[in-house]
Amino acid sequence: MATLRYFSQFAAGSVRIVLRGNVWYWLWVSALLVLIGIGGAYYVRQLQLGLITTNMRDQVSWAFYIGNFTFLVGVAAAAVLLVIPAYVYNWKPIKEVVILGELLAIASIVMCGLFVTVDIGHPERFWHLIPGLGLLNLPRSLLAWDVIVLNGYLVLNVVIVTYMLFSLYRGRQPNKKVFLPLVLFSIPAAIAIHTVTAFLYNGLPARPFWNQSILAPRFIASALCSGPAVLLILMQLLRRFTRFEIDDRAIWKVAELMAYTMFLNLFLLGAEVFKDVYSNTEHLVFMRYMFFGIGEHTAIVPYMWSSVACSIAAFLLFLIPKTRRNPVTLNIGCVLIWIGVYLEKGMGLVIPGMTPDTLGEIYEYFPSRSELWIAAGIFSVGFLVFTLMVKVATPIMLGEFRAPGAAEATHGERVAMAH
Amino acid sequence: MNQTLPSRREFLCAVAGCAAAASTAGCSDLTHTSWFQSRFREMSDAEKKDVVAGLEKANKERFGKDVTVGIEPPMEGVEFGYALDISRCIGCRRCVYACVEENNQSREPQVQWIRVLEMDKEKGIDFAHADAYYDAEKVPRDGHFYLPVQCQQCENPPCVKSCPVGATWREKDGIVVIDYDWCIGCRCCMSACPYGARHFNYAEPQIPAEQLNPKTHYLGNRPRGKGVVEKCTFCIQRVRKGRYPACVEVCPVGARKFGNLLDPDSEVRAVLENKRVYVLKSELNTRPRFFYFYGL
């Protein structure tokens, strides 16, 4: 009962915290709310008229929404890159930011869910997916598996974060026997969400561009580039705008790990390009569409070359110790790799997979205005969720937001308690 | 299975706040596609009757004419097969439009279940150089041949495997069907289909009432709504009553053959016996029940 009372105080206190903020906070929140409103209005229109408001058609029947979904699964999975060194190697400075990674994972999965929801023709029939009520086609359907692992990952991260923050709030040390197995389990879970999402495409022999066994490894590699890039920038923002202390060494360590994953990402891309180009079978057509276009159909070509250029430039910036430790070049590198992976997953994975279609037809897809606004709305929901969670988590981790009666923690205790 | 269904419906009715209606008339009377309607495959006979009555009423209101919705099951000892003679097909697309009329595809935006590909004789069957949008004064055009593609009714259908909710399945007579009221519109099946056979209703299908074919089947040509996938069913509403599919009937050159694969005297068996046949993308192991052959 005491726990319940504490929890209601915790919830009420959290609400008070998110309702308090300076001008910048409210500007940011209002901007997000405006974008959510616009996206929502476009979505209502999409619900009324159907997916005709998108530029998807039978030839390209998955596109921008599903590309964003795929990218965000990667971001969600990336929390793992921080969890591994923090818990497996027991490397101290990074532990303070693991919780941020998990908050990012939660916000990303929320966005993933929204992108899938806006993509389907009958979102109100969601209950057909609930085992018992509806029918979840396991073990055959990969989308059914994806529903399981993504929801599982969401619950896992929510439980870990809530437990850790609630313990700190009560001035207690989180029980290692409870959270450590959960945290360790989140490592394979992160790999699983990305692998299953890759298999969703990979398991379709109708689409030779996706039906290559390198697909899942490439998903993981690119996720381990883009996810930490987002985190590096967030860590610096938090350090700037809150009293949250993040060691430079933590940032450098993540940057160093990213240099390896970026190399791996480029290597796997190279392996795929080699196989397709050297074999020169009819399946080369998809890669040709992606990088050179076919006839006058060249809409995505500039994006693909930008993606490659950004990825290579970012790799060089992260490879050289001097540039990855310089905050300016580090941040440029983060933005570049983020753009590189976003273009590659958002446009370069889904669209060439369906262009030309299974009967050889080329329908040149480019997102409609409605799709772009709805996507902006969903990203705003994600940013808002993340902002609010960080707003609550930061004072808890700084020892400023405590249960009545719980001791105000000193810095040393705080670090000890967090781990 | 049937035992569990009423409780599920009751539960969902309660969720929807219509427990009172459920206890008297049954949920499916409320609209023609009730939110809490269960999967056709698992419906009891009473439930099917109920749902069909609701559909017929709704279609009467929508189109102002009587529409019958059949639920004929597969016939015993029948597995359908199709054979198409590439050497006879002239690319006139009469099959495409006969199909649209028979199966109540949307006229605006246009949905067509059959796609006729124009191919170069020199290249053979080569999708990369095929043209579905040929606009000819007269067909066949010199140097070209024609390959109509529709649902191949695979024995090993990748679309069925990919569906997360089991809204599409293969019936005993070999027809792959879709429950339009169970489909969530995720389009996994469209990504999985190697033949471009599945089509999505991106907008509310428009069919002028006078053009509506009122003889329909639940799993076939009954009017659909937006947001669901549809495809060729070998004209399930016809073939389960012993008739030919519309495309077979309309073909002016007799290129289309159809029949019962289990009947040794059927036309389709004669083709398999006497002609050398070809299936599209055999390397994908989908095992189509749709065969192509060179009859001349």
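Visitor: Where do I start, and in what order do the four strands of the open sheet in chain B run?

Guide: Follow β10-β2-β12-β11 in chain B, an open sheet of four strands with mixed pairing. Strands are DSSP runs (E, at least two residues), helices are H or I runs of at least four, and both are numbered from the N terminus. Two strands pair if DSSP finds at least two bridges between them. This is a predicted model, where local features need pLDDT of at least 70 and side-chain atom pairs count only at pLDDT 80 or more, while totals for chains, interfaces and linings use all residues. Residues are numbered from 1 along each chain as its sequence is written, with chains lettered from A and ligands numbered from 1 in the order in which they are written.

Visitor: Which strands stand at the edges?

Guide: β10 (256-260) and β11 (277-278) of chain B each have a single partner strand, so one side of each lacks a neighbour in the sheet. β11(B) runs antiparallel to β12 (residues 290-293) of chain B, joined by two bridges. B:Y278 has B:Y292 in β12(B) as its bridge partner.

Visitor: How many residues does each chain bring to the contact?

Guide: Residues are in contact if their C-beta atoms, placed from the backbone, lie within 7 Å. Chain B gives 43 residues and chain A gives 37 residues. On chain B's side, the largest share, four residues, comes from α6(B).

Visitor: What about α6 in chain A, and what is the phi of the residue that follows?

Guide: Expected span is 1.5 Å times one less than the number of residues. The 28 residues of α6 (residues 142-169) of chain A should therefore span 40 Å, and the end C-alpha atoms agree, being 40 Å apart. A:G171 follows α6(A), with a positive phi near 70°.

Note on methods:
Contact = placed C-beta atoms within 7 Å.
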